[in-house]
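Reader: Hey, I'm new to this one and would like a quick walk through it. Can we put it up on screen and chat as we go?

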Amino acid sequence: MPDDVLMEISGLKKYYRSLNDSGRKTMVHAVDDVSFSIMRGETFGLVGESGCGKSTLGRTVLFLTPPTDGRVTFDGVELSERNIRPLRSRMQLIFQNPAGSLDPSMRIKDILNEALTAAGKKLKGEARRDAVTEILESVGLTANDGERFPHQFSGGQQQRISIARALAVKPDFLVCDEPISSLDVSYQSQIINLLEDLQQERGLTYLFIAHDLAVVRHISTRIGVMYCGKLMELGDADTLCSNPAHPYTKALLSSVPIPDPDAGAGRRRVTLKGEPPSLISPPSGCRFRQRCLYAEEICARQEPVLRDVGGGQLCACHMAERAAITA
Amino acid sequence: MENVNPSSPLLSVRGLTVTYKGVTASDTVRAVDSIDYDVYPGQIMGIVGESGCGKSTQAYALIGLLGGAASVNKGSVKFDGHELLSMSRPELEDIRGARIGMIFQDPMSSLNPAMTVGDQLIEPLMRHKGFTRSDAADAAVQMLTRVGIADASRCMRRYPHELSGGMLQRAMISMAVLCKPDLLIADEPTTALDVTAQAGILELLKELKEELGLAIIFITHNFGVVAEICTHVSVMYAGRIVEKGPAHDIFHSPAHQYTRAMLHAIPRIDSVKGARLEPVPGAPINPRHPPEGCSFHPRCPVCVDNCSKLRPEERVIDGSGHSVCCWNYNVKEVSENA
């Protein structure tokens, strides 16, 4: 494994037990055989629509829920339930809804103190207060804010607090699960800038999970597109967004609204028919084939694997070349 | 469309003011503060702003759906010549659902979970149009098919929880337009949906507007969606409309600093990454203690003396109907950057 890979995910599967329509025991294939690597210092953007398994993937790589199958290697160490605890402080998670992820009955300083204690930091008195102040200041808050309770802050400030809590233990790797989608536009850009600054200062690596493609393009080095538990396409952020190879990525990108009434004229919109397939009984072959404009017989018979379609851009589609010509 | 004269506004809102009463007098929040706008037949008027700016409250006020502590203090809402604010409840009930349709953000919680989709579709037709049950059912199936639901008769027998968000929103749209209203109020109709489903719904609303000659009030916080669908835009900040005009003018020559800031603050899918985002400076106001004068002045980069003292009046910019509430809207150096 090359030195600059921080996390390597291979053949990752996460199935949940569930019941089907007729009450029989069955499996939900939330993440199904996904492999990719995250480089040290990069922001890996993971996009996809609700229910595609992107949040499950974020939790599974942190072993918050153990994978059904597959391997996750972090900084050269293969993760397992036995060795995960000491590594926790190197990997943290930021949630979508900051209000729901901060204990409403705790003062901010106590929330941060708890994180320090959990990470085994044995600080006393003055040193501890200084540590808390330093964390608060690093996310643009003040020492006084530590005395207050979560409900006394706006959504944007609450998200700063959850970022502060994640950073308190000095992690290398942060999973950001929809960190700005519950925030107003005024705050969204502040949080994006804060995450970018912190990455610069501390050399952090992000797995940035979001459904908003414009935001993901802005913040990410590389982007992976998930559909129905599978990774469909992976590539450099700008290349993938300006020159998507997978028919699903094309449809997704063409659906993103642009804040300019004249932009519509030059765009070709690919409208998807129908609904994403069931994760309980996914279709044979390619999971996108029932909604795909280019699907042929082979797509039902054989599952496409990620392959290089030029310049390191990976795409799991039998028809990628044909889709590129006709688009 | 019955008796609607296209050269006069279908809906005319003047000085509409809504307050939420608090426990004490100082807790009272003026959520909507003297707003004016007109909607003409065939227009899609976007009302855009951040959470708490009053965009949904003003829509509920139009059609008498405010509840609890909220009340209309003053203003006038004329719909096709009739004053809605002074109507009795039965009079309003005859208009709501029949001539004014409404779709809400979350279809799951705005449909009755204990009734089939079909029964909920049939009800307004029987109530407003005097259809028999079977005629109403036929019309409902037709409309569900029209809005893109593949197996409409099967969908009629389903309960809301059995359908996906995108399907439910289509069902709710068909419910809102079944009685062929003149005006459709859509409150964040695509916010709960994925982008691909959102694109389909926006397309559908544009088609229905053409087919049925609807006027639409489209409430959203997303400037991208506004650009996609709206012909006209009103930008709201802290209970007031700070800028309004044709969509093209709002996006290409925004006059208010808030509109400009909002357009710069969000990344665009069609722009190459690299540039740092420019957040709107400061934080949204506390609605209990709105600032004196222009409510945006504490965050405004071109604030002048007047701004903190006097509320800016609406100033017309050009003949297309573009207007702005700003004391200092034609500042040279800022307009060059915009």
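Reader: Let's begin with one residue. In which strand of chain B is B:R240 found?

Author: B:R240 is in strand β10 of chain B, which covers residues 240-246. Keep in mind that this is a predicted model.

Reader: Okay. Is B:R240 buried or exposed?

Author: B:R240 counts as buried, because its relative accessibility is 15% and the cut-off for buried is under 20%.

Reader: And which residues does B:R240 touch?

Author: Leaving out residues up to four places away in sequence, B:R240 touches B:D33, B:I35, B:V235, B:G293, B:C294, B:S295 and B:R311.

Reader: I'd like to hear about D33 over in chain A. What is the phi of A:D33?

Author: Phi of A:D33 is positive, about 65 degrees, although A:D33 is not a glycine. In general, most residues other than glycine have a negative phi.

Reader: Where is A:D33 found?

Author: A:D33 belongs to strand β2 of chain A, residues 25-39. A:D33 is partly exposed, with a relative accessible area of 42%.

Reader: Is B:E188 buried or exposed?

Author: B:E188 is buried, since its relative accessible area is 7%.

Reader: Let's zoom out. How many helices and strands are there in chain A?

Author: Chain A has twelve helices and twelve strands. Its C-alpha trace spans about 70 × 50 × 45 Å along the principal axes.

Reader: What share of the contacts in chain A is between residues 24 or more positions apart?

Author: Counting contacts with a separation of 6 or more, such residues account for 64%.

Reader: Pick a helix for me. Which residues of α4 in chain A are buried?

Author: Helix α4 of chain A runs over residues 108-118, and its buried residues are A:I108, A:I111, A:L112, A:N113, A:A115 and A:L116.

Reader: What do those buried residues pack against?

Author: The buried residues of α4(A) pack against α5 (125-138) and α6 (155-167) of chain A. After α4(A) comes A:G120, with a positive phi near 80 degrees.

Reader: Now the two chains together. How many residues are in contact between chain A and chain B?

Author: On the chain A side there are 38 residues, in contact with 41 residues of chain B. The area buried between the two chains is about 3,600 Å², and carbon and sulfur atoms give 56% of that. A:V185, A:H218 and A:P259 supply 18% of the area that chain A buries against chain B, more than any other three residues.

Reader: How many salt bridges are found across the interface?

Author: Three salt bridges are found between chain A and chain B. One of the salt bridges is between the side chains of B:E228 and A:R269, at 3.2 Å from N to O. The interface also has 15 residue pairs in polar contact.

Reader: Which element gives the most to the side of chain A that touches chain B?

Author: That's α7(A), with nine residues. As for kinds of residue, the side of chain A that touches chain B divides into 18 nonpolar, nine polar and eleven charged.

Technical notes
Residues numbered from 1 in each chain as written. Chains lettered and ligands numbered in written order. Heavy atoms only, no water. Contact = heavy atoms within 4.5 Å. Buried area = accessible area lost by both parts, 1.4 Å probe. Salt bridge = Lys/Arg side-chain N within 4 Å of Asp/Glu carboxyl O. Polar contact = N/O pair within 3.5 Å; in protein donor to acceptor, adjacent residues only side chain to side chain. Helix = DSSP H or I, 4+ residues; strand = E, 2+ residues; numbered from the N terminus. Nonpolar A, V, L, I, M, F, W, Y, C, P; charged D, E, K, R; others polar. Buried < 20%, exposed > 50% of the residue type's maximum accessible area, 1.4 Å probe, protein only.
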